[in-house]
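The entries follow the order in which I looked things up.

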Amino acid sequence: MKISVCGKGGSGKSTVVALLANEALKRGYQVLVVDSDESNSGLFRMFGFDRPPVPLMELVGGKKGLKRKMSQPNILSEANIQTAQIPGEYLLQKDGLKLAAIGKIMQSLEGCACPMGVLSREFLKKLDLAEDELAIVDMEAGVEHFGRGVDTSIDSVLIVVEPPLESINVGQKIYDLASGIGIKNVWAVLNKVPTAEIAARLKTELQGRHIKVVGCIYSNADIFNSSMEGKMPVNGVASREIKEVMSSILSRAGLPTPT
Ligand SMILES: Nc1ncnc2c1ncn2[C@@H]1O[C@H](COP(=O)(O)OP(=O)(O)OP(=O)(O)O)[C@@H](O)[C@H]1O
Ligand SMILES: [Mg+2]
């Protein structure tokens, strides 16, 4: 399964990616996390790496060389890409988790991120997962990735929704765009929810918009405090809350837990 984690800026996408990835590993999946956010560069720290992977963009010679280099032989010119074929420096590995990144905007005036959108789309399309492998994509904030076609080969979309209306509205837009390109598995996870009462209100609001809710991560001081160092608490309350989210996703997608 290729699942993209989407939502408004700051809603908790990277946090949910880290929680989901760790839970999937515990359940025996091989996990490939794909960092497809061209702005934020800290995902590697959340998984305890001391440096980011070399972006896949470099494999094709950086943004400027994209068109030219896409036509030269490298794994990205293969019809299918298996995780094991990705060269070591582009794929960080730790305790069974693998992390790859598409690319980052590093300098001002370097141009728009469209080439990274193209690379994300092509890479995700060609990515050929093993039966017990999950790809979890940390998507850029908002909805532009839909315009770039990044989600065309994604089979499930998880929308992270916080209580504010703006977050709900962006979630609705993502739901409509994802459903509009034929993605059947589109769900929401509530995040940074302060109370059970707010969780119930938010759930009712989303269900009224026909968006299925697969779980809730409450507002959690440990997560917030760890984020000051760019980290994630390993065994906190949220690691327990994400279990329900993962079970719901797997059963709705009809996936068994690997044996
Ligand atoms: N459940 C939570 N409780 C408390 N703080 C949270 C929770 N989820 C996320 N946060 C905090 O909110 C901030 C934004 O989270 P995160 O970076 O995961 O969001 P994002 O959607 O990936 O942001 P961006 O759009 O910038 O990539 C971080 O400081 C994070 O620690
Ligand atoms: Mg993020």
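I count as a polar contact a pair of N or O atoms within 3.5 Å. The model I examined is predicted.

Entry 1, polar contacts. I looked up N220 and found a backbone N or O atom of N220 at 2.8 Å from a nitrogen atom of ligand 1. For T15, I noted a polar side-chain atom 2.5 Å from an oxygen atom of ligand 1. For S11, a backbone N or O atom lies 3.2 Å from an oxygen atom of ligand 1.

I found 20 residues around ligand 1, with K13, T15, N40, N191 and N220 coming nearest. By class, I listed five nonpolar, eleven polar and four charged residues in this shell.

I asked which pocket corresponds to the space taken by ligand 1. That space is the largest pocket. The elements giving two or more residues to the shell around ligand 1 are α1 (13–26), β7 (185–193), β8 (212–218) and α9 (221–227).

I noted about 630 Å³ of space in the largest pocket. Its lining comprises 29 residues, of which G10, G12, T15, M46 and S227 are the closest to the pocket centre. Two or more lining residues come from each of α1, α2 (43–46), β7 and α9. I classed the lining residues as six nonpolar, 15 polar and eight charged.

Note on methods
Residues numbered from 1 in each chain as written. Chains lettered and ligands numbered in written order. Predicted model: local features only at pLDDT ≥ 70, side-chain atom pairs only at ≥ 80, totals over all residues. Heavy atoms only, no water. Near = heavy atom within 4 Å. Polar contact = N/O pair within 3.5 Å; in protein donor to acceptor, adjacent residues only side chain to side chain. 1 Å grid on protein atoms, 1.4 Å probe; cavity = no way out; pocket = protein on both sides within 12 Å on 5 of 7 lines; lining within 4 Å. Sits in = over half its atoms within 2 Å of the grid points. Helix = DSSP H or I, 4+ residues; strand = E, 2+ residues; numbered from the N terminus. Nonpolar A, V, L, I, M, F, W, Y, C, P; charged D, E, K, R; others polar. Points joined across faces, edges and corners; volume = space filled by probe spheres on them.
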